[in-house]
Amino acid sequence: MARRPTPNIFFLPSYHRYDTGSIYTGSATIVNGSVVQVYPGLCEHYKNGTNPGCPGGTNLCIAVPEDASDPLQTNWTKTAWFKGTNASNPIVNSTGRDPSSAWKTASGEWQLTTFDTVIFGSMDFKRWYTIGKQPGFPEGECPSFFPLPRTTPGARAAPHGAPTF
């Protein structure tokens, strides 16, 4: 029987002001051939109110594999993605939680959404801006935009008027 190594893919809260309290699940997107993980980090300010450098609440942050040639991607960095730019983590402050994977529009803009249906955009996946709330889209944890089997545990009826398959 073949054994496959278990990847060590997780991020610990760090000395960075934007995720000192906690790190939650995120979503990966392939950008120019590289895996880019967008995750929500909780700023310590909301735990004890003593971190004046805290940008506020839950922040969307980016981590990338430290060594792109490592097939197991066991070591990650939160700063390498921004080298040579004036951009940095967090990419969006006080966002809530649970980002979707990003998608690229026909005009080349990257977009992602969060559990509260706010859409964010970026032309370079480094500097982000708020596009706005998606009207009529239901709120939900870990938004995903791919078909799920009808028997997916926890699935519920589609919103009124939404297409069903």
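Start by selecting Trp-81 and Phe-125: both residues are buried. The model is a predicted one. Now show the two rings. Their centres sit 6.3 Å apart with the planes at 90°, so this is an edge-to-face pair. Trp-81 belongs to the loop between strand E5 (76-77) and strand E6 (103-104), while Phe-125 belongs to the loop between strand E8 (118-122) and E9, so the pair ties together parts 44 residues apart in sequence.

Trp-110 is in strand E7 (residues 110-113) and Phe-125 in the loop between E8 and E9, so here the pair ties together parts that are 15 residues apart in sequence. Trp-110 is buried, as is Phe-125.

Trp-81, Trp-110, Phe-125 and Trp-128 make up one aromatic cluster. The structure has three aromatic pairs.

**Phe-125 backbone**

Stay on Phe-125 and switch to its backbone. What is its phi, given that it is not a glycine? Phe-125 has a positive phi of about 65°. Most residues other than glycine have a negative phi. Phe-125 counts as buried because its relative accessible area is 0%, and buried means under 20%.

**Lys-126**

Step one residue on, to Lys-126. Which ring does Lys-126 lie over? Lys-126 is over the face of Trp-81, 4.0 Å from the ring centre. Lys-126 is in the loop between E8 and E9. Is Lys-126 buried or exposed? Lys-126 is buried, because its relative accessible area is 17% and the cut-off is under 20%.

Show what surrounds this lysine. Leaving aside neighbours within four places in sequence, Lys-126 contacts Trp-81, Phe-82, Thr-85, Ala-87 and Ile-91.

**Thr-117**

Move to the loop between E7 and E8 and pick Thr-117. Thr-117 is not a glycine, yet it has a positive phi of about 70°. Thr-117 counts as buried because its relative accessibility is 3%, with buried meaning under 20%.

Tyr-129 is in strand E9, which covers residues 129-133. Tyr-129 has a relative accessibility of 34%, so it counts as partly exposed, the class between under 20% and over 50%.

**The whole chain**

Zoom out and show the cartoon.

Colour by burial next. Of the 165 residues in the chain, 41% are buried. The accessible surface of the chain is about 10,100 Å², and carbon and sulfur atoms account for 56% of it.

Among contacts with a separation of 6 or more, 44% join residues 24 or more positions apart.

Note on methods:
Residues are numbered from 1 along each chain as its sequence is written. This is a predicted model: local features need pLDDT of at least 70, side-chain atom pairs count only at pLDDT 80 or more; totals for chains, interfaces and linings use all residues. Side-chain values use heavy atoms; hydrogens and water are left out. Helices (H or I, at least four residues) and strands (E, at least two) are DSSP runs, numbered from the N terminus. Buried means under 20% relative accessible area, exposed over 50%, partly exposed in between (1.4 Å probe, protein chains only). Rings of Phe, Tyr and Trp (its six-membered ring) pair if their centres lie within 6.5 Å; planes under 30 degrees apart count as stacked, over 60 as edge-to-face and the rest as tilted. A charge sits over a ring if NZ of Lys or CZ of Arg is within 6 Å of the ring centre and within 35 degrees of the ring normal. Contact means heavy atoms within 4.5 Å. Accessible areas come from the Shrake-Rupley method with a 1.4 Å probe; for residues, only the protein chains shown count as cover.
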